[in-house]
Structure formats: C-alpha cells, structure tokens
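Visitor: I would like to learn how to read a fold. Where do we start?
Guide: Let us open the model and take one feature at a time.

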Amino acid sequence: MHLLHKIKLTTPTAILMLLALPFLAKAQSYTELKDSKPFDSSEVWNKSLKSNFNFVWGNTDTRYPKLSIPNKDGSSGTIRLTAWHGERVNAQAVFYTKVDLNDVSFIVSDLKNGRNTISSSQIKVQPVSYVMTDELNKDGKGGCGHRPDPTAFDSTLVADVLNNEHLNLSVEAFTTKPVWLNISVPQNIKSGKYSGTLTATAQGKSINLNIVVEVKNHQLATPSDWAFHLDLWQNPYAVARYHNVSLWSNEHFELMKPIMKMLADAGQKVITTTIMHKPWAGQTEDPFDSMVSKIKNIDGTWEYRYDVFDKWVSFMMSEAGITEQINCYTMIPWAMSFDYYDVASNSIKFVEAQTDSKEFEDYWLPFLTDFANHLKAKGWFDKTTIAMDERAMSDMQNTIKIIKKADPNYKVSLAGNYHAEIEADIYDYCIAFEQQFPKSIKEKRDSQNKRSTVYTCCTEPFPNTFTFSAPAEATWTIWHALAGNYDGYLRWAYNSWTKSPLQDSRFRTWAAGDCYLVYPDGRSSIRFERLIEGIQDFEKVNTLRNKFSGNPGKLKKLEDIISTFTLSTMGDNTTEKQVRKARNILNSL
C-alpha cells in the first residue's frame with residue numbers, strides 16, 4: 001500500500017468539514033460576449049426594415065443570429081401546433097429591431113376553445129439569449145480533445161439560453177431577440193383546437209401573433225411515469241461554485257431545486273452520486289468529490305459516514321422527484337488512487353492500488369459491505385447500482401467480483417462498449433452510439449427487467465448536443481434510440497458548468513456545450529427542450545404501438561418512419577427534415 005498526498009487537518013472530523021467548505025469564486029454577471037463574426041450593417045437593417053421593429057413566427061430548428069436580420073422562414077400570422085393531452089410543445093418567434101428599445105415585453109394569452117382553456121400560466125415565454133460556442137475538431141470527426149487555446153477554433157455567438165424573464169427587456173438596435181414558447185397541455189382538457197395570441201409590445205406599439213394548438217384525443221403520461229430511461233449526470237458542485245455558497249448548505253439546496261426539478265420534468269430516472277474523491281480526475285471545472293467519508297480508526301477498523309450521500313439522495317427524491325435509481329461512481333477511477341481519513345495521523349491519505357491487488361479489495365470490500373447495510377436500512381438498496389464507465393476488461397471483471405462478494409444482490413451499471421463477457425452481470429448497461437445489443441441478448445435483458453440504453457459524448461460529430469449542433473439533432477438522437485430498440489439514453493453532463501456558463505460554453509477540453517445542457521437559475525436551453533421533444537415522441541410511439549396492435553396498417557406506417565433513424569440515413573442536411581416528417585406522421589395517427 002502506497003500512501004500519497006498527506007494533508008494535515010486539525011480535528012478527527014475534518015474530512016467532513018472539508019465537504020462543507022464554501023466556494024470563493026463569485027457568480028458571473030450576465031452580459032453576453034461580443035460576436036466577431038460578419039453581420040448585417042446598420043445600412044442593411046435600415047434599408048430592409050420599414051418599421052422600427054418586427055415580430056414574426058420562426059421555427060424551432062433554427063438558431064437565429066443575433067446581429068443579422070433573420071431569414072423569413074417563418075410566418076407573421078398564425079402558427080399551428082399539434083399536441084397530446086399532457087404533452088409540452090414548443091414554438092419560436094423572432095423579434096428584431098433597428099432602434100434601441102428598453103421597454104420590450106412578450107405576453108401570451110390564454111388559449112381558448114369555447115369554454116375550455118389552456119391557461120397562460122401553462123405557457124412559458126422565454127426570451128432566447130446568446131452564448132459563445134466553437135466548432136468540431138479541425139478534421140470534423142468529433143469534439144474530443146484538449147482545447148487550451150480558444151482562438152484556435154472558430155467561435156461565434158449562438159442562440160441557446162432560455163431566460164425566465166419576459167417583461168421590460170432592453171433590446172439594442174440592429175439585433176434579433178428570439179422568443180421561445182413552451183406550452184404544457186393539461187391532461188384533463190377537452191380535445192380540439194385552442195387559439196390565442198403571443199404579443200410583443202414596445203414604444204407603445206403591439207404586434208400580435210396567432211397561436212392554434214390542436215389537442216388530439218391521445219394521452220401522454222406524466223414524466224415520472226415515462227418508461228424512457230433518461231440518465232443525465234448531475235453536478236451539485238458546479239451549483240455551489242457558481243453561486244458562491246457553501247457546499248451542501250440550505251442555500252445550496254434551494255439553488256439546486258429549479259435545476260433538478262427541470263430534470264425530473266424531463267423524465268430523469270437516475271441520481272448521480274460519487275463514492276470517492278475525483279472519480280474522473282477532476283476533468284470538469286468543478287471536480288466531483290466523495291459523498292461518503294471513509295475513516296480508518298487507530299485500531300485499524302473502518303468507519304463510514306453517509307451524511308452528505310443521504311442528504312443529496314433524499315433531496316433528489318423528495319424535492320426534485322427523481323426516485324427510480326441511484327448510480328454510485330466509481331470503484332475504477334481514471335487515477336487509481338483512493339482517499340480516506342486516517343485518525344492516527346489526523347490527515348487524509350490515499351491508497352494507490354490496482355484492481356487485482358489485496359490493497360484494492362481491502363479498501364473496497366469493507367466499504368461495500370457496510371454500504372449495502374446502510375442502503376437496506378434506508379430502503380434504497382434495490383434502487384442502487386455500483387457504477388462504472390469503460391475500463392480494461394480485467395479491471396471490470398475484478399471489480400464485479402468484489403461487488404458481488406460484498407453482496408451478491410448488488411446491481412452494477414456500466415457506460416461503455418458492449419462486452420459479451422460481462423453483459424450478464426450488468427443491470428444497467430449503456431453502450432456507445434454506434435453499437436447495438438444482439439437481438440437475443442436484448443430480449444433476454446428485457447425479460448429480466450434490465451436496462452439497455454445508448455449514449456453519445458464528444459465522439460460523435462452529429463447527432464449531438466453541442467451549443468453549435470443543429471437543434472433537431474437532440475430530437476433525432478431519441479428517435480434513433482427507438483430505431484435501435486434501446487430503453488433510454490445517457491449523457492455524461494447535465495450541468496457541469498464552465499467558468500461563465502451563461503456567456504461562454506467553450507471549455508479547455510471538448511467542443512463547446514459538451515459539459516452542460518442547462519444554465520444557472522433554472523434556465524433551460526434550446527438543446528434541452530428539443531431533447532425532451534424526442535423523449536415525448538418515444539413515449540407516444542410506445543403508446544401507439546399498444547393501441548395499434550390490431551391495426552397492421554397504422555402500425556406499419558409508424559414502424560416504417562422509425563426505421564429511417566439509422567446511421568446510414570443520418571446526415572447534417574437531413575436531420576431536420578427527418579424529424580419534421582416523423583413528428584408529422586406521429587401526430588397524424
């Protein structure tokens with residue numbers, strides 16, 4: 001056993017105190033960066049616009065440039081949407097002005113169908129803001145790799161941030177301000193067409209855009225009841241740092257509520273927890289720490305404390321509403337170095353050990369045994385997995401043996417390549433985008449109620465959810481999960497924010513936006529909303545499959561469109577068309 005990085009502390013409980021230290025960095029003020037890209041001149045704006053400002057419908061497939069007049073790809077009159085009971089549907093309008101305005105507001109009315117109403121309280125009006133992004137690697141083959149010099153990559157401002165305020169905005173001259181509309185259709189209203197208006201007002205002048213939502217006679221379950229297994233990894237440490245509050249304080253949890261509730265409303269099933277210090281070697285701006293304390297007493301016995309783990313899991317279950325699964329990372333980190341607090345020396349020490357060593361088992365086996373007892377006492381054992389991402393086959397096999405030795409009923413999860421050698425041991429198995437489970441294996445896993453999902457990461461040039469990715473790619477990814485017969489989707493970063501996430505999504509490693517899908521203070525994104533669209537489509541497809549089991553004609557029409565979402569049909573210029581066509585067919589059935 002090799003001991004490294006001895007850190008002198010002052011009390012036997014200092015390891016717990018470390019977990020509560022406040023962050024000193026201040027939250028960034030929200031001012032957009034300047035775009036260096038070519039844009040329409042003031043002469044072009046003045047020549048093209050007769051009115052001081054305009055307001056038209058756009059579409060949700062377009063990220064409208066900030067400093068140029070938007071393409072007239074929408075309509076100035078009426079937008080027509082189709083929805084199920086319980087579905088959230090999106091629309092995008094575009095406001096653009098050739099004069100400075102400091103009193104712009106966007107107001108939506110109730111949507112009416114006779115005496116029936118979709119209340120305006122069910123409709124979010126979210127002005128879209130701009131964040132700095134970059135591009136794929138120079139070879140165009142993905143977004144992985146270190147990027148220490150942002151100037152080495154082509155960067156520009158893109159529309160992505162969905163803000164919560166929509167009254168009394170200031171909009172500078174010669175700029176575009178998109179407006180995102182998110183309509184939550186109640187479960188219990190009458191089917192039919194609901195009409196209303198979205199109004200932009202400035203300088204005492206108002207422009208109305210008409211909205212018509214046709215509510216079909218189909219029911220979409222609430223997100224907590226969706227079958228789709230969504231696993232977006234949460235980073236509570238980023239929230240504490242960004243807002244400059246003490247980790248695990250009441251203030252910290254209050255700040256996390258809107259972000260994590262937003263995740264639950266997307267159908268999230270998994271709580272991300274960490275059972276060791278820096279499981280991924282501190283790759284993010286805010287490194288993950290251990291949510292459990294491992295203490296070695298003077299007599300050599302081990303003591304484990306779960307205060308932080310329990311507080312985090314309880315919060316995610318009771319406050320956010322994410323209750324199905326707890327994934328615990330990881331026994332095989334990037335750096336094979338494992339922390340504990342040593343009472344004899346009053347310091348944090350680290351064990352360096354490989355998976356086939358006695359030191360590795362001596363460190364993990366007592367913990368896993370105690371952890372199993374704790375989880376059972378809390379009623380969480382059946383929900384919990386000991387989680388890994390891809391490692392050498394021998395390391396994964398060695399680790400699984402120790403997990404099962406501690407308790408044979410432990411569940412294991414893995415995000416990585418498909419390996420027949422260990423498939424049977426993996427309860428929640430998430431494989432890489434270009435891989436598939438053998439048909440017989442998937443059928444067997446289904447019969448055993450195991451999870452079989454797919455993930456994307458920085459590897460895929462598209463489809464992806466970078467801040468420069470086409471919005472439809474997020475939806476396309478979920479339709480691909482349908483075509484591949486996966487149970488769900490994983491992405492490694494829900495909110496591992498950069499230093500200034502509202503201003504700059506670029507990071508020292510990976511293409512811009514790879515680290516996070518949502519923004520501080522409960523701000524969603526175009527990417528995240530389009531991902532939710534795909535998840536809703538997944539649920540709608542499964543509902544219709546059951547409904548059309550005795551109607552081969554309709555079932556074939558549905559399956560034919562699903563089958564087009566394969567790698568051979570994927571292309572940068574076809575993604576939007578595919579998604580639009582598929583959603584039109586889905587909503588016509």
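Visitor: Which residues in α6 meet α7?
Guide: This is a predicted model. In α6, Phe360, Glu361, Trp364, Leu365, Leu368 and Thr369 make the contact. Facing them in α7 are Thr399, Ile402, Ile403, Lys405 and Ala406. By class, this contact has seven nonpolar, two polar and two charged residues.

Visitor: How do I describe two packed helices?
Guide: Two packed helices are described by the angle between their axes and the distance between the axes. Here, α6 (residues 358-378) packs on α7 at about 40°. Their axes are 9 Å apart. The two helices are therefore oblique to each other. The crossing of α6 past α7 is right-handed.

Visitor: Which strands does α7 lie across?
Guide: Helix α7 (residues 393-406) lies across β21 (384-389) and β22 (411-416). Its direction is at about 165° to β21.

Visitor: Now the sheet. How do strands pair?
Guide: Strands of a sheet pair through backbone hydrogen bonds, either parallel or antiparallel. In this model, eight strands form an open sheet with parallel pairing. Read the order as β14-β25-β24-β23-β22-β21-β18-β15.

Visitor: Which strands stand at the edges?
Guide: They are β14 (229-232) and β15 (270-274). Each has a single partner strand, so one side of each has no neighbour in the sheet. From one strand to the next, the twist averages 25°.

Visitor: How many bridges join β23 to β24?
Guide: Five bridges link β23 (residues 428-432) with β24 (residues 451-455), and the two run parallel. Take Asp428: its bridge partner in β24 is Arg451.

Methods. Residues numbered from 1 in each chain as written. Predicted model: local features only at pLDDT ≥ 70, side-chain atom pairs only at ≥ 80, totals over all residues. Heavy atoms only, no water. Pairing = 2+ DSSP bridges. Helix = DSSP H or I, 4+ residues; strand = E, 2+ residues; numbered from the N terminus. Axes fitted to C-alpha atoms, helices over the stretch in contact; angles between N-to-C directions. Contact = heavy atoms within 4.5 Å. Parallel < 35°, antiparallel > 145°, perpendicular 65-115°, else oblique. Left-handed = near helix turned anticlockwise from the far one by under 90°. Nonpolar A, V, L, I, M, F, W, Y, C, P; charged D, E, K, R; others polar.
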